[in-house]
Amino acid sequence: MTPGLLSAVTFVPALGAVLVALLPRRLSGAHRMAGLVITLLALALSVPLWFGFDGDSADMQFEEFARWLPTLGVGYHVGVDGISLMLVLLTTFLTPIALASAWHAIADRTKEFVITMLLLETGMLGVFVSLDLFLFFVFWEAMLIPMYLIIGVWGGDNRIYAAIKFVLYTMVGSALMLVAILSLYYQHGAATGAYTFDVLSLARWVMPPGLGQNLMFLAFALAFAIKVPLFPFHTWLPDAHVQAPTAGSVILAGVLLKMGTYGFLRFCLPLFPDASMEFAPLVFTLAVIGIIYGAWVSTVQPDLKKLVAYSSVAHLGFVMLGLFTLTQQGMVGGVIQMINHGLSTGALFLMVGMIYERRHTRLIAQFGGLWKVIPAFSALFLVVTLSSVGLPGLNGFVGEFLVLLGAFQVSFWLAALAASGVIFAAVYLLWMYQRVIFGEVTHEENLQLSDLSPREWALLVPVLIFIVWIGVAPTTFTGKTEATISALLAQVESKASVAFLK
């Protein structure tokens, strides 16, 4: 394993942001090109993580540790396992695509936009690789500022409202999580004599079950549920998506929402196993409600972007359902569904952005008959839509099948309700596709639309390759995470049983 590789992947975008800041403001083309090169460099550096990762091992790999604030038990501790590996690669993969999607769409304050996107990438990567709670919280909060700016500066007409709502929701959850982090730190120190924020050390400690563990679980869970977003904490998401520029929506759907589901896996389950088991039925139920609610609300949306935004509530409901089945199939399905959602919904936002750049409207009623005018766009849009529906042979099917397989082992009736979400997804997505793509061209403006440009092909083809690859050969990806999930399940069950005996 290459020493320092994980730090290089994490901080190359931030160093690149400093370099872009030194470029003269008038060179907007140079800002875009520099940003793209830097994000592609981060992607290139992250590829060895995949090939150097041992999927048969449940241990943290590519670990790095340095003393930071030793008197407080704070260290710079990073590493990846089968869960965080794929999320790191998803982040480095989607960021250059998102940045390139804004090549013409962002014409104002280009330099600041590129810097903000690069800092956001470092913040997101830091969240996924941190193995110290203090370090994790620093990255968690630091990521908030660039996303606020992307929505608030380069967003739509109601961008300020959406940006403030996004920040307020996140900050409420973060404040309670900080209290729980400090409480965990002092309880662990009082019980063991070792005051530390190290996640692996804290996870080895068996916390006494009871009110204290339950409250700490709820504080962490609220912060993560807001970020997912889990019903009923989802109301910030449609506003943020609709107002954000295309690049912001791609990153928000593709990566940021996964920080919530990742948080449940990395922190809630291993640190608070008894509370996780106690509240699993509640989370399970809220996930099913989110699946049905998200699908129903998506069905009646007149705006393409809002429809895709509400579909995220339904799709992330499947992820949460899988994680809290606490079964091998369900949890592996939940992890792979995080990646699937990032690819499929990210691609949907990309294509909605492409059509918006041409027509400057996202209303479904303004389209129709596009297959005759832009057939290449329509064909790729069909593949992406079917992947989001969960068509066998494409990525969405694999995750949903595994999640439902795990869910039926826990509750037949709730799993049956969740399975109906697959049908509802077909309803709202295929009905949307039919209204936009088929039929007669009823608006003159649509006759003048141009088909996909070489740049747009370059953005979509890599995503489509992975959509098909995961659908056809899912074990390439699930194989990286199975050992980690098995070890996590064993850890949760053993800690819960030890605590019970005490």
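Me: How many salt bridges does a search of the whole structure find?

Reply: The search finds six. Keep in mind that this is a predicted model.

Me: What makes Lys 165 and Asp 239 a salt bridge?

Reply: Their side chains meet at 2.9 Å, N to O. The cut-off is a Lys or Arg nitrogen within 4 Å of a carboxyl oxygen of Asp or Glu. The pair therefore qualifies. Lys 165 sits in helix 7 and Asp 239 in helix 10 (residues 236-243), 74 residues apart, so distant parts of the chain are linked.

Me: Why is Lys 165 called buried?

Reply: Its relative accessible area is 16%. Buried means under 20%, so Lys 165 is buried.

Me: How do you know that Asp 303 and Arg 362 form a salt bridge?

Reply: The closest N and O atoms are 3.6 Å apart. The limit is 4 Å, so the pair counts. Asp 303 lies in the loop between helix 12 and helix 13, and Arg 362 in the loop between helix 14 (328-359) and helix 15. The pair therefore ties together parts that are 59 residues apart in sequence.

Me: Are those two residues, Asp 303 and Arg 362, buried or exposed?

Reply: Asp 303 has a relative accessible area of 14%. Arg 362 has 16%. Buried means under 20%, so Asp 303 is buried, and so is Arg 362.

Me: What does the salt bridge between Arg 358 and Glu 456 tie together?

Reply: The two side chains meet at 2.7 Å, N to O. Arg 358 is in helix 14 and Glu 456 in helix 19 (residues 454-472), so the bridge joins parts 98 residues apart in sequence. Glu 456 is buried, because its relative accessibility is 4% and the cut-off is under 20%.

Me: Why does the length of helix 18 agree with what its residue count should give?

Reply: Helix 18 covers residues 412-437, which is 26 residues. The expected span is 1.5 Å times one less than the number of residues, which gives 38 Å. The end C-alpha atoms are 38 Å apart, so the two agree.

Me: Which elements do the buried residues of helix 18 pack against?

Reply: They pack against helix 12 (273-299), helix 13 (304-323), helix 15 (370-373), helix 16 (375-389) and helix 17 (395-408). Among the buried residues are Ala 425, Tyr 428, Leu 429, Met 432, Tyr 433 and Val 436. Residues three or four places apart in an α-helix point the same way, because there are 3.6 residues a turn. After helix 18 comes Gly 439, with a positive phi near 85 degrees.

Me: What makes the nonpolar surface patch?

Reply: Ile 145, Tyr 148, Leu 149, Ile 160, Ile 164 and Leu 168 make it, with an area of about 530 Å². Helix 6 (144-154) and helix 7 (159-192) each supply at least two of the residues. Patch members need over 30% relative accessible area. Leu 149, in helix 6, has 31% and counts as partly exposed.

Me: Why is the chain called as compact as a globular protein of its length?

Reply: The chain has 21 helices and two strands. Its radius of gyration is 22 Å, close to the 23 Å from the globule rule for 502 residues, so the description holds. Buried residues make up 62% of the chain.

Me: Why is His 77 called buried?

Reply: His 77 has a relative accessible area of 6%. The cut-off is under 20%, so His 77 is buried. The residue is in strand 2 (residues 74-80). Beyond its neighbours within four places in sequence, its contacts include Glu 63, Phe 65, Val 129, Asp 132 and Leu 200.

Me: Which peptide bond from Phe 231 is cis?

Reply: The bond from Phe 231 to Pro 232 is cis, with omega near 5 degrees. Another cis bond joins Val 228 and Pro 229, with omega about -5 degrees. Pro 229 lies in the loop between helix 9 (211-227) and helix 10. Pro 232 is placed in the loop between helix 9 and helix 10. Most peptide bonds are trans.

Note on methods: Residues numbered from 1 in each chain as written. Predicted model: local features only at pLDDT ≥ 70, side-chain atom pairs only at ≥ 80, totals over all residues. Heavy atoms only, no water. Helix = DSSP H or I, 4+ residues; strand = E, 2+ residues; numbered from the N terminus. Buried < 20%, exposed > 50% of the residue type's maximum accessible area, 1.4 Å probe, protein only. Contact = heavy atoms within 4.5 Å. Patch = residues over 30% accessible without salt bridge, like charges linked within 9 Å, V, L, I, M, F, W, Y side chains within 5 Å. Areas by Shrake-Rupley, 256 points an atom, 1.4 Å probe, with all protein chains shown as cover. Rg over C-alpha atoms; globule rule 2.2 N^0.38 Å.
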